[in-house]
Structure formats: structure tokens, C-alpha cells
Amino acid sequence: MKTNIISPYDGKVIGEVKEFTNDEVEEAINNAQYEFNDGEWSRYSSDERAQILFSIANSIEKNSLELATIESNNNGKVIKETIGEMKSIVDTFRYYGGMSNKISGETLPLDNKKFIYTQRKPLGVIAMITPWNSPLLMMAWKIAPALAAGNTVVLKPSEYTPLSSIKLQQLCLESGLPNGVLNIVTGQGNTVGNYLVSSDKIAKVSFTGSIIVGKKIASICGNNLKPISMELGGKAPNIIFEDCNLDNAVRAAVKAAFGGQGHSCSAGSRIFVQKSIENEFIEKFIKLTKKIKIGDPLNMETEYGPISNTMQLEKVVKLVEVGLKEGATLAYGGKRIEDPAYRNGLFFYPTIFTNVDSNMTIAQEEIFGPVVSILAFDDESQLIKDANSVKYGLSGAIWTKDINRALRLNEKLEMGTLWINCYKQISCKAPYGGMKSSGYGRENGKMAVDEFCQTKTVVIDYSDQVSIWYEGEKEE
Ligand code: NAD
């Protein structure tokens, strides 16, 4: 069976992909298992793996416009942003290419002619499940460290946006990655995804997506005693103090809220602004939001495209209604864009709510769309309580010139990443992941390689005597 892939910009069919059967998913898992245990990949040295990752990086660099075009066409993110993502994907493959031959254990001394060494071993076949908002970036964050460590992969991209992952798989093969190391299976989550994560042959699941699906997968993995790492949602507080550089903060806040149409786990969807500058901030924020260039995601000038898919548009519409019902003030947007030029696209205005209370649904739930809540604060301890009041803890920001205040708040704010006087500065060199229900495990940085390794301890005795017990104890 095949499924049509639809452009959110004009509703046209831009491709079709196969709905994998259980047998076909099984075959992909078997291919990955064979490559891990006995295939060409199993014999590659870490230097050879590094060379392959560098070649993949070069190929992505060469084909970045094509990859960015596929991505923007499929998920509606503007091409200026997807080109930026391709640069960061190239950096990611180079970073982990460089790390491949530096994965090592330790040597530990023991008494009397004994010592221990530890090895970092790959886990085996990794099942990877990715979402629709940044399919290629999420794929790169997972496959580059997993391959650097010597694992093999079966990846299921979102049913909405599989096209770029299929293209990247092709580039990987052309760059010398042996057949069967990186397998892509396409189709629905509750069939193809479920079969994949339930397989006994999978050594670990690496998942990025929603909390609801994360819980389902975690319970399957729990029953099978399989490790899992989870990158789930976010509801980032973007905290703006009166002493900050306000123009910088406003510009960044608009991008943080509406970049990628707000389809971002790190979207600055809750703006906490100090009461003394509330009116000035709101006025500047609305003025700048009105200037956002809306249009065709493939046009280099466009800053804001369509909502990525119908399901997500329905969710955004519903949560805007809830915001109004619960008494927030709609300061801008809140409806579909009626311009006839966008008639066939899923366009929705960037939407600003003011007078938002921290208990309201729109301030608690991840909307994953272009809807921002502005909350005023006076008191620092109440601010911390409100900022931490959500179940999420992925990321957030503080804008202030008072470094003491920034560092004091950092100690209290519950999130995996805090930006001070900047926003969404995510680097492949630094760990990224959540606290609380935003997930566990980390992507990026050295920690991502650890996620795909296991430790073996080897003890050597060269004393030529019998020593069979714990360290320190000797046979009489
Ligand atoms: P989703 O959870 O609906 O789907 C994610 C993936 O899981 C898809 O590929 C889907 O097909 C698959 N899936 C669904 N049901 C499954 C099942 N029963 N078994 C196995 N796989 C299944 O999420 P989404 O709507 O695609 O993405 C949006 C979510 O992703 C948001 O919550 C967002 O915050 C999160 N996200 C988090 C990060 C991060 O780094 N923390 C990054 C991007 C997106």
C-alpha cells in the first residue's frame, strides 16, 4: 500500500511512500542485525567509520539546497530556516566523524599484578522514531552518534514527512555506507512504529515526539527491558527583565515564538515579561509580528509558512478557542489567513495572547504551533514557581544585564537548556534534552555517543597466582 505525501503550502501531492508490512519491517531489522554482527560494517575500524561520516557530511553539504527544498516542500518550514538546518546537520556529521576514533574506556590499576580495562561497545540495532517538525535534523542527531559508535539503524520517520529521510539514506549509501547499516521503514506509528519498537532484536529505542506516544513506547520497552532515550515536548519560558536590551529581546522573542510556525520543541511559547515594561514590550512585539513576511516556504524572502499538517492545524484552532474561553485576551491573529493566494494552504496567523494566567490551558499545554502567551510578573519567587509550573522542562531563556540574577535563576529553573541573552542556540557540541516530562537521555555532544554505547569491564591477572575473589581478599 502507498500513501500520498501532501504539501501544506498548496495541498498538492509531492510524493508517495510505501506503508511497510510487518514482514518488511522484520526484513529491515534483520538486515541491520546482519550488518552489525557479521556484515562489512562489523569489520570497519573506527577510522573507517569516521571517513564514512565525513563523506556523508560532504555529500549533504553539496546537496544541501535540494535537501532543504524537499524538507520545506514537505513540512512547510521556510527555506531560509531549512538551509540553516542543513548547515547544522553537516556540522553534526563532522563532529561525530571526529569522535568516532576517540571513543574509549579507561585503564584502572588493581593490586598485585592485576589491572582492569573498560571498553565502550556499540549496542546493536537501534530503532529510531522521528517527528515531522525537523525530520532531517532529528535524524542527524540520532544517526551520526549511533553510527560513530558502530551501531546499525532502523529509522521510522513521521508518516507526514518521510521524503527528506529517504533522500538522506540515498546520500549515505552513495557516500559509502554499506547496505543494511541505515534502514528506513515508512508508514504509520501505531503499525510500523509499534512493530519496530516491540522487536526483540532491537537493542535500544531512540524516540523524539510527543509525551503520549513516548509513554506508549516506554511501556513496551519497559516490558522488554530495552533501554530508551526520549526527546519529548516543551513549553519554554522566555523571561524578560526590565534591564535587558529590549530591542534584542523583542526580536529574539518573535523568532522564538513564530520561527518554524512555532512547530518547535524549544519554541518560546510563554513570555514572562516584567510588569514595568509589559506595555512597551507588548507594543513592540505586536509591531514586529505584523511585519513577518508570510508566504511560499520555498521563497528565500519568506519568514513564515503554513502549519505543517491538517491534524496540527486542528489542534491549534482548538487551543486558541480554549484560550479565549478561559479569559485570555487575543491581542493578534487567532484565525486562518483568508488571503485567496493561500486558499489551498494551511495558513494560520501568528497569534498573541496577553493577560494570560499561568494556570490557563494555553500556558500549560504544548500547542506546537504559532501561539504565544504573554504573562506579566513582578516577584522573582512567583516567577520561578510559574515558570516551573508546567510538566515540561526542555529549555528556556532569561534576558537581563544582571549576571547575578541570571545565575541565581538558573539554579532554580527546571530545564535541560537555559539561554542567557540569546535564544535557541543549539550546538551539536553540547548536550540537548529534557528534565521532567520533556524526556530523558541527551542528544548532541559527547553524551549522545554514550547513549549508543555499553561498557564492558575486562580484568587481567598476570601474577600467575590464583585470585578468585573480590579485590583485597586473598586465598590462604
Ligand atoms: P508524535 O509523538 O505524534 O509522533 C512521533 C513519531 O512517533 C512519528 O514518527 C509517529 O509515526 C511515531 N509513532 C506514533 N505512534 C507510535 C507508536 N504507537 N509506536 C511507535 N511509533 C509511533 O509526535 P509528532 O506530532 O510527530 O511531533 C511533535 C512532538 O515532537 C511534539 O511534542 C514536540 O515537542 C516533539 N519534539 C521534541 C523534540 C525534542 O528535541 N525534545 C524535537 C522535535 C519534536
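A residue counts as buried when its relative accessible area is under 20%. Gln261 has a relative accessibility of 1%, so Gln261 is buried. The model in which this holds is a predicted one. Gln261 sits in the loop that links helix H9 (246-258) and strand E11 (270-274). Its phi is positive, near 55 degrees, and Gln261 is not a glycine.

A positive phi also occurs at Lys436, again in a residue that is not a glycine. Here the angle is about 50 degrees. Lys436 belongs to the loop between strand E16 (417-420) and strand E17. Its relative accessibility is 36%, so Lys436 counts as partly exposed. Arg343 lies in another setting, the loop from strand E12 (329-332) to strand E13 (351-354). With a relative accessibility of 63%, Arg343 counts as exposed. In sequence, Arg343 and Arg405 are separated by 62 residues. In space, their C-alpha atoms are 48 Å apart.

The protein chain is divided into two parts. Domain 1 covers residues 2-232 together with 438-459. Domain 2 covers residues 237-420. Their C-alpha centres are 31 Å apart. Across the boundary, 23 residues of domain 1 touch 33 residues of domain 2. The size of an interface is often given as the accessible area lost when the parts come together. Between domain 1 and domain 2, the buried area is about 2,200 Å². Carbon and sulfur atoms give 61% of that area. Three residues stand out on the domain 1 side: Tyr9, Trp132 and Ser438 supply 30% of the area this domain buries against domain 2, more than any other three residues.

Attention turns to a sheet. It is open and has 6 strands, in the order E7-E6-E5-E8-E9-E17. The pairing is mixed. At the edges are strand E7 (182-184) and strand E17 (439-440), each of which pairs on one side only. Strands of a sheet pair through backbone hydrogen bonds, either parallel or antiparallel. Strand E5 (residues 125-129) and strand E6 (residues 152-156) are parallel, with 5 bridges between them. In this pair, Val125 stands opposite Thr152 of E6. Strand E8 (residues 204-208) also runs parallel to E9, and 4 bridges join the two. Ser206 stands opposite Ser229 of E9.

Strand E9 (residues 228-231) sends its side chains in two directions. Ile228 and Met230 point one way, and Ser229 and Glu231 point the other way. All four of these residues are buried. Helix H1 (residues 22-37) lies across E5, E6 and E7. The helix runs at about 160 degrees to E6.

Helix H3 (residues 64-75) has 12 residues. At 1.5 Å a residue, the helix should span 16 Å. An α-helix has 3.6 residues a turn, so residues three or four places apart point the same way. The buried residues of H3 are Leu67, Ala68, Ile70, Glu71, Ser72, Asn74 and Asn75. Their cover includes two strands, E1 (2-6) and E2 (13-18). It also includes helices H2 (46-62), H4 (79-100), H5 (135-148) and H6 (163-174). After H3 comes Gly76, which has a positive phi near 85 degrees.

Notes: Residues are numbered from 1 along each chain as its sequence is written. This is a predicted model: local features need pLDDT of at least 70, side-chain atom pairs count only at pLDDT 80 or more; totals for chains, interfaces and linings use all residues. Side-chain values use heavy atoms; hydrogens and water are left out. Two strands pair if DSSP finds at least two bridges between them. Contact means heavy atoms within 4.5 Å. Axes are lines fitted to C-alpha atoms, for helices over the stretch in contact, and angles run from 0 to 180 degrees between N-to-C directions. The expected span of a helix is 1.5 Å times one less than its number of residues. Buried means under 20% relative accessible area, exposed over 50%, partly exposed in between (1.4 Å probe, protein chains only). Domain bounds come from an automatic or database domain assignment. Buried area is the accessible area (1.4 Å probe) that two parts lose on being put together, summed over both.
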